[in-house]
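Let's go through this one by question and answer. Keep the viewer open as you read.

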Amino acid sequence: MDKIVSLIERILMPIAEKISDQKHLSAMKDGLLLVMPLTIVGSLFLVIASLPIPGYPEFMASIFGDLWADKLGYVVGVTMDLMGLIAVVGIAYRLSNLYKVEALSGAIIALVCFFLVTPYKINFLQEGAADPIIVKGIPLALMGSKGLFVAIIVALISTEIYRKVIQKDIVIKMPKGVPSAVSQSFAALIPATICITFFWIVRILLELTSFGDVHQLITTVISTPLSGLGNSLFGAIIYALLVGLFWCFGIHGGAIMNGVLGPVLITLNDANRLAFEAGQPVTNTVTNTFFDIFIFAGGAGATLVFTLLMVYRAKSKQLKSLGRLSIGSGLFNINEPIMFGTPIVLNPMLMLPFVLAPVVMVIISYFAMETGLVSRPVGIAVPWTTPIFISGYLATGGKISGVVLQLVNFVVSMLIYYPFFRMWDKQKLQEEEIINVESGNYIEE
């Protein structure tokens, strides 16, 4: 294993170091770190609201009322559902700092531009009405992970325009006696006008097309080529591969792929349920339960093993602390703290196992079920927050083979993640030692 780690380290470390020195990628990584503490808080409340325990919702309702889950959702709404807003501010602020221009103005301008390209339209279904109507308002669905990719693009383009105008000295200059806050406001006036005008033109042009807005453009461009995938090994591999790849670049892979293939997978799962209830053979292998229960243990990328490695094997204080903070939500398949806290998003060293592990598990699980070694999912609606092993037992209709497959996948993903975890842990440990030396807190052991 040490030889494998050394080989991967020699190949990937130079590439990772060059990429990490790139201003835009550095800004994206640092900006997305702002999301981490909020996603941890939001994950905690989401776990409390979604515990997969029989009778739990009724018990909570008897104490706190029927709307208890909705009230817990308030916290989820202001943390995880505002991920895009936080990211656009953080990325623009960090990139402005790297270019040594006034960062707060850059962040505010990027935020305004993000709102500018977002349509203020919400589908609203009135009680008793047959069809939904469109009302004006900020669509929260586009403020979170679904709008994250657009937020990243807007932050980068807006800040590039802003800093170039500033660096070319195309600004309004105030006399020396004017307070600095006032001077900075006027200095940002022309750059803000140019940025806002640029994104206004983008919005107007897109409204003339069938896309309507930039969010729909991104969704359509990504979704259309994927619509032909179905119940096959090839389709399952592509599904797992793209979920991971999208997440690696800040796009909610699950939301995109479920929007395209979700109805197909749910239909296949329900066909299994009907066959199971009728006492007939269950024939569909690739269903939504197949991915939720057997592939994505701990969330997209099967990150539960990575979280456990951080808790029990990390030498870096940062990774060990993050692992301890994230293990509770990870056991219930919520991994946003890991995605943005480690981070895995835009991290070339961790992107490979994040994408590779689910693909390998898809192949193992598919052939295990096709050959009859493991029972197929029988269509039982197992909540996606159900912990590993319990979920495998329930999904296969009470068959121990489902638990065994989850255990095999767990070990396989551990072997895939381990060398990359070792490298990342080593890098973080070196960073901590440098900080300790510079701060005078280093103690030689």
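Q: Leaving aside neighbours within four places in sequence, which residues is Ile 295 in contact with?
A: First, the ground rules: this is a predicted model, where local features need pLDDT of at least 70, side-chain atom pairs count only at pLDDT 80 or more, and totals for chains, interfaces and linings use all residues. Residues are numbered from 1 along each chain as its sequence is written, and side-chain values use heavy atoms, with hydrogens and water left out. Taking contact as heavy atoms within 4.5 Å, and skipping those sequence neighbours, Ile 295 touches Phe 290, Ala 302, Pro 358, Met 361, Val 362 and Ser 365.

Q: Is Val 403 buried or exposed?
A: Val 403 belongs to helix H20, residues 400-439, and beyond its neighbours within four places in sequence it contacts Phe 389, Gly 392 and Tyr 393. The cut-offs are under 20% relative accessible area for buried, over 50% for exposed and partly exposed in between (1.4 Å probe, protein chains only). Val 403 has a relative accessible area of 18%, so it is buried.

Q: What kind of aromatic pair do Phe 198 and Phe 199 form?
A: Rings of Phe, Tyr and Trp (its six-membered ring) pair if their centres lie within 6.5 Å; planes under 30 degrees apart are stacked, over 60 edge-to-face and the rest tilted. Phe 198 is partly exposed at 37% relative accessibility, while Phe 199 is buried at 4%. With 5.1 Å centre to centre and 85 degrees between the planes, the pair of Phe 198 and Phe 199 is edge-to-face.

Q: Which ring does the charged end of Arg 163 sit over?
A: A charge counts as over a ring if NZ of Lys or CZ of Arg is within 6 Å of the ring centre and within 35 degrees of the ring normal. For Arg 163 the distance to the centre is 4.1 Å, and the ring belongs to Tyr 99.

Notes:
Helices (H or I, at least four residues) and strands (E, at least two) are DSSP runs, numbered from the N terminus.
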